[in-house]
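Please read them with the coordinates open.

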Amino acid sequence: MDGVGDGADGAEEPTGAEGDPTGAKGGPKGGVRGDAAGGGGPGGGGSAGAGEARGSVPDELADTVVLEPVTDDRARSRKRGHRARAGPAVRGAAPSERRTRAAGTRGGARSAAALALLVAGYLLQVAGVVEPRVGLVVAGALLGLVTELLLPRCARTTSRGLGRAQCTPAVRQVLRDALLLGGLAGLDVLRAGDLAPLLGALLACWVLHFCCQALAGAVRTHRRLPVVTRNIDASALRLSPAPPALFAKRATLRLAAVAVLTTAAMCVAAGTGEAVWAQAVALCCGAGLLAGILWLATWLLPGKRVAGEEEALAWLDAWLAEYRPTIGMYFSGGGASAYQANMWLSTLAALDGRPLIVLRERFMVQKIDITDVPIVCVPKVSHLMRLERSTLRVLLHPANSGKTAQVLRIPTLKHAFINHGESDKLSSCNPYAKAYDQVWVAGEAARERYALAEVGVEDKDVVEVGRPQLAPIEAAGTRPVGSREGYLTVLYAPTWEGFTDDPANTSVLVAGEAIVAALLADPKVRLLYKPHPMTGTVDPRAGEADRCIRALVERANAAREGAEPGPGALRALEAATAELEALTRPDFSRHADEVERMLRQPAPPPGRARAAEEATRAWEAAYWAAAPAWQHRVVTGRSPGLFSCFNEADVLVSDVSSVVSDYLSSEKPYAVANTTGMDDDSFRTAFPTVGAATILGPDGSGIAALLHTVRHPEEDALAPARAALKARLLGPAEPPSLVRFDRAARALVARAEERAERLRAAERGPGDAVERRPVDAEGEVEAERNRERGQALAEALGEDERP
């Protein structure tokens, strides 16, 4: 009955990757994983990116699932190489499989132990009643309560499984209370006159707990607006602070607090034979719950109620009419995919016009990094169609998702696919791209890739715009090689395993440990390991291999020593951290609901995002200055960012991915791991971005030659090839990429305006009126209403919405 236990807690905050709404604000918090020597970013350890990567990946993230209609010889040879690689990859991954099985065994052991302790607690209570022995009844109650408190931390899978079986924390606690109270009554520990008041007080606590839960569901329902905003003044919607979290959403904590107090009081009563203290504690708990219910109920009064659905939608229409957006970025996905949108924020803000960010998932509003661009989240497709009546003319799409098809049906909009990175993988020429009006690519290589793939994208619809967000990357020669006290800084930034079962997607599985071990063996190398934030989300073996690589780095740091940064560098880092946090710290607690976040995130003061960007760069500079020059780093999360790592590195080691294309803008040396099973010549032919790279074998072979070349630039024979490949991949240096991107945006807006004018003219013409049929397909709105009714029922029971 009570989804109360696990469901209501954080009802406005999705679990896993989406659990921390404040973490999306950017800045250094939790950005850098510490090391054996005590490094790490400010704000404590922990890796936001790694944490997200461990969550589940929704189906709508499957923008890399590619139908392979490629027929050219080069692509066929590429696929043959992948198939040839499949056998060796499985053998090479055997250690990872064993580690994964070992991890699964440990997890199973924890789950079994948790279940055993829960059952043992109940058996002790039953045995105490049968024997009869008061001590067994009390011991069983205490054992069960302690296990209950540890269960969410130590055996989450077991806790969720019990909840799915309707054996929720509330049901388990009711059973413990019944056995404890029944045992005390049956063993005549307490006087008969004391049991009735105690029973009544306990029943009152339970009734009030469930009443509070039902009321909390009603409050959440009334505070769920049909649109969520950020960087917009939405005070007209009568926004108000969130109700107290203990009563509105933290049902597990509320239940645990009452259970601890009442169980302890009854155990004391069992030992002393006096029930007065147990009665008093139960009555106090009931009084606290009643006070909380009355306080919570005030959020349903007119003074605290937010606008209804129709009023909120009317406000949205009015705001769109006043703001008059011209170009927007549309994004939908899971929490771990937010980086795909964040990389385009600065470009979107710099465009000529009035930009807008359109999202579909509520949790994603707080996953978007700091920006001054207005953000509108419209979860329902029926409400999304209101964009048709706005001045919005163009939507840019950094990723594909299942919900993209919904917005593509709005006839007044033009759509351009800008992607979140380009590589030689087949996923970079996804057949879905033909659904857009235009496909914007960085340079000539991507245009050729679409032509060879034959996925339905016509050449006239491909527009070369460069990669405007690469401007912060420093060119080769900006810093001397080995500038960190003679240590050569090597960045290992592998990609993730992808949604396909191709073993060559990432080097982490097959070659990661060998590459890292070879780099760590050089005493004058400082390694920066930056894994993809989605590593391990599909293949657990990749996650286990990632953990093993991190362990290698920690052991290498433990065996090293050297000079530590001076106090001035540490003070500078502290000052930069304070300044950045002051600019990016959210003005709400982590338990604030989306209404309160809208209230506290109105239109920002002019220049806030630029100030935060400058503060971020200052923090990154201070971070690297405060890091020991000899110390290896595991870099995760948002800060320091990938481009900052590019600037810090003397050489990159990566996979066939967009990381290589972006790094090429610096023209610094790079290496690519060949885990396909192809020979080097075939590998270069199949993947053009490898043409100017040093190729590494899956056993790490080639590392020594790579390091020698970097240390002796006069022997670097690949420098001319890197310059030529840069131009081919990223386009010409003049005009600047941002100028080309803005021109493409204005041209597509003009095309959309011309089409809209033709439609208006046709509608005005005599006898040529065009019947405008609703965009929504028949039955879709009704299906959505059914989903709403199901969600309302779930919320009434305390179960929160999971994206």
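1. A residue is called buried here when its relative accessible area is under 20%, exposed when over 50%, and partly exposed in between. The model is a predicted one, and the points below should be read with that in mind.

2. By that cut-off Cys285, with a relative accessible area of 9%, is buried, and Cys377, at 0% relative accessibility, is buried as well. How many disulfides does the structure hold? The number is zero. For Cys285, the closest cysteine sulfur belongs to Cys205 and lies 5.2 Å away, which is too far for a bond, because a disulfide requires the two sulfur atoms to be within 2.5 Å.

3. Side chains of opposite charge can pair when their charged atoms come close. In this model the count of salt bridges comes to 33. One of them joins Arg238 to Glu311, with the closest N and O atoms 2.8 Å apart. Arg238 sits in the loop between strand 2 (228-230) and helix 9 (245-248), while Glu311 belongs to helix 12 (residues 309-323), so the pair ties together parts that are 73 residues apart in sequence. Both ends are partly exposed, Arg238 with a relative accessible area of 40% and Glu311 at 37% relative accessibility.

4. Arg479 deserves a separate paragraph. Its side chain meets that of Glu474 in a salt bridge with an N to O distance of 3.0 Å, and the side chain of Glu648 also meets Arg479 in a salt bridge, at 3.0 Å from N to O. Salt bridges that share partners join Glu474, Arg479, Arg484, Arg526 and Glu648 into one network.

5. Are the members of this group buried or exposed, or in between? Arg479 is partly exposed at 37% relative accessibility, and Glu474 is partly exposed with a relative accessible area of 22%, whereas Glu648, at 6% relative accessibility, counts as buried.

6. Helix 29 (residues 737-764) contains 28 residues, and from its first C-alpha to its last it reaches 41 Å, close to the 40 Å expected at 1.5 Å a residue.

Key:
Residues numbered from 1 in each chain as written. Predicted model: local features only at pLDDT ≥ 70, side-chain atom pairs only at ≥ 80, totals over all residues. Heavy atoms only, no water. Salt bridge = Lys/Arg side-chain N within 4 Å of Asp/Glu carboxyl O. Helix = DSSP H or I, 4+ residues; strand = E, 2+ residues; numbered from the N terminus. Buried < 20%, exposed > 50% of the residue type's maximum accessible area, 1.4 Å probe, protein only. Expected span 1.5 Å × (residues − 1).
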